[in-house]
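Reader: I have a model open and would like to learn how to read it. Where do we begin?

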Amino acid sequence: MKDSFGREINYLRISLTDRCNLRCIYCMPEKGVSKFSHEEILTLEEVYEITKVFVELGVNKIRFTGGEPLIRKGIIDLIYKVSKLDGVKDLAMTTNGILLKEYAKELKKAGLNRVNISLDTLDEEKYSLITRGGKLKNVLEGIEEAKKVGLTPIKINTVLIGGFNDDEIESFIGLTEKEDINIRFIELMPIGEAAGWAKEKFISNDIILEKVKELIPIPREDKSSPAAYYKLPNGKGKVGIINPISCKFCANCNRVRLTSKGSLKLCLHSNREIDIKEALKSGQDMRKLIIDSINQKEESHHLEDGKYISRNMNQIGG
């Protein structure tokens, strides 16, 4: 399935809920958000039906996100059903890791291949601060359990925030020396809650290569991946650098997003959304709607021009 710019769209990111068991400062207001009602969000049966059409059209890579996907009841059964769809080659999840110790074994058994874990600091006090009360211990135990059951390769997503965790770059990279873990540094994006202060806290990922000069570049195997990868000499894991602000990778974008409310989002940094849920309920030709929508996918984002979206990441899906 190709868009109007000839890009092969084979990757669907599915948000299962806008809710989360953390309140990260760049994702949610301190008092939380106005949660979507049960009637507003897709049922898991609807998620499956929509996913099945996408897979029939050529999507072979699927990622479940949130909010926090592991707080959605019934997720294990959904993963099992999606993993059995003919054509699905890669089934992954992005999670904050808080509940991973409890669910890792079931997730692997259901057919999940791997996990990305959002983790912005290795310091307990700082973790509690940025998540507004989260416990780092739970995440670290979840990572160990994921390794144990084979939800690998594990990728840790770290948003680089000036004055907060830029002093931990070496510590994060150190994890890749003896562990088969990939650390991915992501530039702070001016989305939703973070739009007001992202410029003040933004630092370019260039600082990573300045701080750790021994990193060796690795040839990019997947052109659609937003990360440029490096590794330490003799390191087991890899270090990924994702620069959505200072270095656009739109030309190779292969993904679209399905929000928990059933909207198809063709570009993360666009406010435009297409109502898939209503189309499903009214019996519209889902295949035609998806194909027509893909042909409308934006050529690129315009963050460099200060065009920021208003919704928070928990409402969109990571």
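Author: This is a predicted model. Begin with the sheet: two strands count as paired if DSSP finds at least two bridges between them. By that rule, twelve strands form an open sheet with mixed pairing, in the order β7-β8-β9-β6-β5-β4-β3-β2-β1-β10-β11-β12.

Reader: Which strands stand at the edges of the sheet?

Author: β7 (216–217) and β12 (274–275) do; each has a single partner strand, so one side of each is left without a neighbour in the sheet. Take β7: two bridges join β7 to β8 (residues 227–231), and the two strands run antiparallel. Within that pair, P217 is opposite Y230 of β8.

Reader: What lies across β5, β6 and β9?

Author: Helix α6 (residues 169–178) does, at about 150° to β6.

Reader: Which residues of α5 are buried, and what do they pack against?

Author: Buried means under 20% relative accessible area. In α5 the buried residues are L136, V139, G142, I143, E145 and A146. Their packing partners are the helices α3 (100–110) and α4 (124–131), together with the strands β4 (114–118), β5 (154–160) and β6 (181–187).

Reader: Which residues does the UniProt annotation "binding site" cover?

Author: According to the unreviewed UniProt entry, they are R13, R63, T94, K155, R255, V256 and R257. Such annotations may be inferred rather than shown by experiment.

Reader: Where is R13, and is R13 buried or exposed?

Author: R13 sits in strand β1 (residues 11–15). R13 has a relative accessible area of 10%, so R13 is buried. Its side chain makes a polar contact of 2.8 Å with the side chain of Y11.

Reader: And T94: where is T94 found, and what is T94 in contact with?

Author: T94 belongs to strand β3 (residues 90–95) and is buried, at 11% relative accessible area. Leaving aside neighbours within four places in sequence, T94 is in contact with R13, R63, F64, T65, P69, N116, S118 and N157. With R63 there is also a side-chain polar contact of 3.1 Å.

Reader: Where does S260 lie, and is S260 buried or exposed?

Author: S260 lies in the loop between β10 (255–258) and β11 (263–265). Its relative accessible area is 1%, so S260 is buried. Beyond its neighbours within four places in sequence, S260 is in contact with S15, L16, T17, D18, F36, I41 and L42.

Terms used: Residues are numbered from 1 along each chain as its sequence is written. This is a predicted model: local features need pLDDT of at least 70, side-chain atom pairs count only at pLDDT 80 or more; totals for chains, interfaces and linings use all residues. Side-chain values use heavy atoms; hydrogens and water are left out. Buried means under 20% relative accessible area, exposed over 50%, partly exposed in between (1.4 Å probe, protein chains only). Helices (H or I, at least four residues) and strands (E, at least two) are DSSP runs, numbered from the N terminus. Contact means heavy atoms within 4.5 Å. Axes are lines fitted to C-alpha atoms, for helices over the stretch in contact, and angles run from 0 to 180 degrees between N-to-C directions. A polar contact is a pair of N or O atoms within 3.5 Å; within protein, one must be able to donate a hydrogen and the other to accept it, and residues adjacent in sequence count only if both atoms are side-chain atoms.
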